[in-house]
Structures are given as C-alpha cells and as structure tokens.
Amino acid sequence: MTKAFKAILAPAALIGMAACSPSGESEEIAVEDTSNETLATLIGGASDLSTASSILSDAGLQSLFDGSTPYSLFAPNDAAFAAADLSLGNAEDRAIRVAVLREHIVPGYLTVEDIVTAIESGGGSVEMQTMGSNTLTFSGDADKLVVRSSDGAEATLASPAMTGANGTVFPIDGVLKSLDAPG
C-alpha cells in the first residue's frame, strides 16, 4: 500500500472507528471549541499560535487552510517554536519553514475524540501519515494526548483543539520535526 493511499485512508479509518465505539460511556474529552470559521482564521485568532500563523502567511499556505478541503493541523504553540530554535525571520529559510509545517498536517477532519477512540481500538497507539515525510504516532488519553513523529520529536496537546468549518487545529507544545533529521 502506498504512503499516499495510507494518508487518505488513515483519517477515514479513525472516523469509522469513532462511529463504531463499543463503549456507550461518555469520556472526559478535552472540550473543543467549535466554529464556522476556517482553519486559517482560527489559527490567526489564537493568541498562542502567532508564530504558526506567521509561517502560514509567509509560506503562502493560508489559502490552503481557507479552502473547503479538510485538514487536521497539529500546530506548535509559540513557546514550542521558540524552544526549537528555528530560523523564522530569514527569507532564505522559507523552504525549511514550509517543510517543518508539512510534518504537522494530516489530511482529513479529526477530533480529539476520534484520536482517543482510535488509540483505544488500536491497543494503545495509532499512526497517521503527515503531508510531509513523517508518520505521527498518537498515544495516551484525552487528559494527556502524546504525539510522536517517526524521527523522534514529541509533543503533547497544549490546549483544547479548535474545530472549524474545514478541519481542526490541535495546539501542541513541541515541534514534530527533528531539525537534525534528514528529510
């Protein structure tokens, strides 16, 4: 099975798993803010995602998140970008910023509940392919959702997810791309 095919199936499989959850119990899921706004607008309005918003705008990707195609963005918060020591003000590093951001985008519309249900159904973890070269592995629960990239970088959900008209923004406390790793 090709990576592209897996990337298309992963979100659909997660949504299907959520619909088939055997437990009728309500879970303590982190409350998600739901809005009719686009992902670009949600990111632009979040006070702790100004660096991610700036990268989207600078890279010309804002229109991608203003469209109708659904995405789930695991957006590093401002503190995560500051800790990553990533060059953000240099025009020559635009390609690096875009490549790093691609490692945080999963195609499809996911919620925290979808991911937690898939983790439970998957025996403690679930994997999803990013729009870049990494695979993200999710583990934990709604109280502490951990995201690990295939190159070893790790983050946790830093604040409630924001669900918009075309997907979900998951603010995280780390950058999911090792800047030392190739690719």
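Gly140 has its place in strand β5; here helices (H or I, at least four residues) and strands (E, at least two) are DSSP runs, numbered from the N terminus. The model is predicted, so local features need pLDDT of at least 70 and side-chain atom pairs count only at pLDDT 80 or more, while totals for chains, interfaces and linings use all residues. Residues are numbered from 1 along each chain as its sequence is written, and side-chain values use heavy atoms, with hydrogens and water left out.

Gly140 counts as partly exposed because its relative accessibility is 39%; on this scale, buried means under 20% relative accessible area, exposed over 50%, and partly exposed in between (1.4 Å probe, protein chains only). When residues up to four places away in sequence are not counted, Gly140 touches Ile119 and Gly124, a contact being heavy atoms within 4.5 Å. From C-alpha to C-alpha, Gly140 lies 9.4 Å from Thr156 in space, with the two 16 residues apart in sequence.

We can now turn to the surrounding strands. Strands of a sheet pair through backbone hydrogen bonds, either parallel or antiparallel. Strand β5 (residues 135-141) pairs with strand β6 (residues 144-149) in the antiparallel sense over six bridges; two strands are taken to pair if DSSP finds at least two bridges between them. Within β6, Leu145 stands opposite Gly140.

An open sheet is formed by four strands in the order β4-β5-β6-β7, with antiparallel pairing. Its edge strands, β4 (125-129) and β7 (154-156), each pair on one side only. From one strand to the next, the twist averages 25°. Helix α6 (residues 112-121) packs on the sheet and touches β4, β5 and β6, and its direction makes about 120° with that of β4. For these angles, axes are lines fitted to C-alpha atoms, for helices over the stretch in contact, and angles run from 0 to 180 degrees between N-to-C directions.

Strand β2 (residues 71-76) also deserves a look: this strand is mostly covered, with six of its six residues buried. In a regular strand the side chains alternate between the two faces of the sheet. In β2, Tyr71, Leu73 and Ala75 point one way, Ser72, Phe74 and Pro76 point the other way, and all are buried. Strand β2 pairs with strand β3 (residues 105-107) in the antiparallel sense over three bridges, and Tyr71 stands opposite Pro107 in β3. With strand β9 (residues 167-172), β2 pairs in the parallel sense over six bridges; there, Thr168 of β9 is the bridge partner of Ser72.
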